[in-house]
Structures are given as C-alpha cells and as structure tokens.
There are 2 protein chains.
Amino acid sequence: MYAVFILGTAGSGKSTLASRLVEWYVSKNAYAVTLNLDPGVIDLPYEPDVDVREYVSIDEIMSKYRLGPNGALILASDLIADRLDEIQRKVDELNPDYVIVDTPGQMELFAYRASGMFFAREFRCDAKASIFLFDPMLVNSPLNMLSIALLATSIRLRLGLAQVNVLSKIDLIKKDKLAELIECSADPARLEYALQREKDSELYLLGVSILKGLRRQGISMGLLAVSSLTYEGMVNLAGALARMLREGEDVENGDEMNYA
Amino acid sequence: MYAVFILGTAGSGKSTLASRLVEWYVSKNAYAVTLNLDPGVIDLPYEPDVDVREYVSIDEIMSKYRLGPNGALILASDLIADRLDEIQRKVDELNPDYVIVDTPGQMELFAYRASGMFFAREFRCDAKASIFLFDPMLVNSPLNMLSIALLATSIRLRLGLAQVNVLSKIDLIKKDKLAELIECSADPARLEYALQREKDSELYLLGVSILKGLRRQGISMGLLAVSSLTYEGMVNLAGALARMLREGEDVENGDEMNYA
C-alpha cells in the first residue's frame, strides 16, 4: 500500500485533486481509496472511503467544550492523532494499492500541529509521498512564488515526506503566464531576473539572497503543472509519484537490511 | 503612529503578547491600542480598542452562506480587506503612538490569503514592523526549528513587513534547553551540528543544504527570547521594534524624496 498526502494552502485545490487522482489510478486498474482528514469540511467533491468525521465531530466539540469555530477546528485536528489506530485499521481492512490522504483545508491545522506530523510519520504503509499544491492565485509575483516555495520546503522538513511541488488549477491561467511561472520555478536565475521588478529594495535583496543560497545548493522547486479539470499534467504527476514511492520503498527496505 | 503586527502559528501566544506589549508601552507613557483582526476568536486576554468582530460576524456568515466553521473563517478573513477603510478610520480617530495588530489565530487566514497581504501593505501609518512568534512546542528539534524559520521567511516575503523573530513562552522551557535554542538560532554552524542527530539522511541533507545557503548569504534567524508571563526579554523586544520602526520611517521618507 502506498500513501499520497495532498498538502497546500486553503483553496489550492487539495480535495479536487484527491478525487481526480483516485479516478486516475482506478482508470489504470489500481485499487485507490480516499482518506479525508479534515474534520471541519462540509462538502467534498468525492465520497471518502475513510473519513475522520466519523471519529471527530466539530459540532460536538463546539458544544461540549464551549469553543468557537476556530478553537473547535484546532482541537478536532489535534484529535486526529488519537484516532490514528482506528483510521489505520479501517484503511488496512480496505487493503488498497493507493490511499490518497486529503489533509485539512487550512494546512496549518495539519502541518504545524503536533498531530499532523505524528500522523504523517506514524501512518504505516509501504511508502509515502506528498503533493504540495502551489495555488496560482498566491504565486502571482516572483516574491510570492519564492514565499510559497519556502512554505513548501518548511512543510517538507516538518512532515518528512518526499514531496512533489505542483502548480494547480492551471486551467485558470493564461498560456504565456503559465509558461513563465513554470520556467521561473525550474530556473532560479530566471526567477532572480523576474524579482528585479520588485519595488521594495529590501525585499528584493532578501529574495535574491535566499535564491542564491538555494541555487548554490542545487535546490529547485521545479513545479509540475496540473489541472484537475482538464487532467492536463496528470501523467507527469503520476510518474513523479511513482518514482518517489518506489524510491521510498527501496530506502525503507535498505534500512531494514542494514540494521538487521 | 507605528503599527506592530503580531504573527505566528496557532497557539504561539500572539494575543497574550499583544496585550503585554500594550501594557509595556503604556507603562512607558506611550499611547498604545490593540486592533484585533481575528473574526473567529471567542476569548481574548485583552479588551480590543478596535475589533474586526464589530464588522464581520462568523455566526452570521455561517448561517447566511450556509458554511461550516472552516469555510466561514476563510470568508470572514477575506472580508477583512473590505473593511480596511472603516478600521483605518477608527484607528486614526484614536490617534495612538502604537497600534498593536493581533492577527487571526490561524496564521494562514492572514498570511496566505490575498486580504491579509492587502491589509498589511495598505494600512496607513508612519512605519510598520512585525513580530513572528516561534512556538517552543513546534521548534523541539533542529529540523523543526529550520522548518519554522523557513515559514517565518516565507511570511516575511509575502507580507513585506520588517520582522523580528521571537521565541515565545520561554517560561515553559528549561534553562539549558532555552540556551541551546537561542544559540542554534543565532549560529547556523551550531544548528548544522545539531542537525546531525537527525536520523532521516535525506532530510538531514536537505536541511544542511538550506542552512549552508542561508549562511553563505549571512541570513540568520537570531531569535529573541520573550516571556509574556514574566516579561523576560521585553526590553530587548521593544528595542528591536524601535530600531525597525525608526528605520522603516527613514526608508519611507527617503523613498519619497527619491521619487519626488
């Protein structure tokens, strides 16, 4: 069983991509299921096979602990870790080839709470990977692209999951703008050039410094362009996931042999 | 009028620090007021002088738009930008020396939505600065410290505010642990050494690469240790803010002269 965690800021298209990815794998004759980890979501574009809302109820938490929506969402997300065993058992019973894990709408509730890190690290399967979604609405300037790239790297370090960076909802972007975004993401020199348009000199200098640092170390965000609407880029995404998952499996087996 | 935005992950101690900072300035005979920008908060440790909840009601949004708590929080946060003029007028009427801006509990609702960036950039005052809080509960390993440092830098680039990084709630940390955290934050070589304890070799290598990059560019997170409970570190924090605010004022005046 492979697990694919879908991460990204609120509104970046996590749930839609989760449903499309399952459809994709099913169309390739793999058995893929969805796991919804967002206790506060009302409508989902798919019917989750395993659903944290069966174990944690926001309404109950709001009334039981007399919390507002904000506090209830935080507490509910923290409770996810307590339900790991039950969720794991339910997924294991289904015994799928792939489990697509849809994380809470607000990424902070998963990525920057202890429970999310615990879940990502402790969930048992043969290999794990994650998709981090760059929302085109948020990467509308070179500085903002660099900002979201740092966020993606921050979450990569925190959750410890292999990660593919995806520019989502590309059906909403004009062709030339899309080409520029993808080129900038793959080529720090190009992004640095684009940064020069930034008026705030201090921010420009900080941005260039960070870019230079990343570049010297050969770190590139290299975005994959994907549309959940038109399926454009889905082949590339599935290929990137397959490579990461196979590699993850090798590494884990290798570790076991080394320490045996 | 100076504005100080308080930023950080949920539970990092933003609201408590906001109330303490106002008390601090008042004790120095400055006129400081609080501006609460969290539409979803129930209890605050202070009585806000200006309050976004007067303009945006989560309950109304939940019933009017038939949204769950998650969607209502997002929509409410997006509406903050629409209320900028009214909020600005109300703050201007008070005409304080300092306005301490307490941002939404979940930083994502402010930092990674268009409205927060708009508010931070368009709010009018003589100079702005921000405090980003590192929650000691989240920086419990070298990798996690690097992760939160990247998050802080991501938000710095996005909001474009001068930023001081603060390790909050230090009354909860043992003295030797605190000393180690502060040293690691100021010295990338020390943090790199601490990273070697990380078992995941791939994450270790990524972490070291990022650190090397930042180090070569002279970028250090240099945390200030502050306790809102004991007031420890408050003098240093006020000093750091004063330097940034004065510099911000100079730069803005300088810009005006250059383009005049």
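Trainee: How many bridges join β1(A) to strand β5 of chain A?
Mentor: Seven bridges join β1(A) to β5(A) (residues 127-134), and the two run parallel. This is a predicted model, in which local features need pLDDT of at least 70 and side-chain atom pairs count only at pLDDT 80 or more, while totals for chains, interfaces and linings use all residues. Residues are numbered from 1 along each chain as its sequence is written. Strands are DSSP runs of E, at least two residues, and helices are runs of H or I, at least four, numbered from the N terminus; two strands pair if DSSP finds at least two bridges between them.

Trainee: Which residue is the bridge partner of A:L7 in β5(A)?
Mentor: A:F132 is the partner of A:L7 there.

Trainee: And which residue in β4(A) stands opposite A:V4?
Mentor: That is A:I100. β1(A) and β4(A) (residues 98-102) pair in the parallel sense over five bridges.

Trainee: Is β1(A) mostly covered or exposed?
Mentor: Mostly covered: seven of its seven residues are buried, meaning under 20% relative accessible area with a 1.4 Å probe, protein chains only.

Trainee: Turning to the chains, how many residues does the contact take from chain A and from chain B?
Mentor: The contact, meaning heavy atoms within 4.5 Å, takes 47 residues from chain A and 47 residues from chain B.

Trainee: Which element gives the most to the side of chain A that touches chain B?
Mentor: α7(A), with twelve residues.

Terms used
Chains lettered and ligands numbered in written order. Heavy atoms only, no water. Buried < 20%, exposed > 50% of the residue type's maximum accessible area, 1.4 Å probe, protein only.
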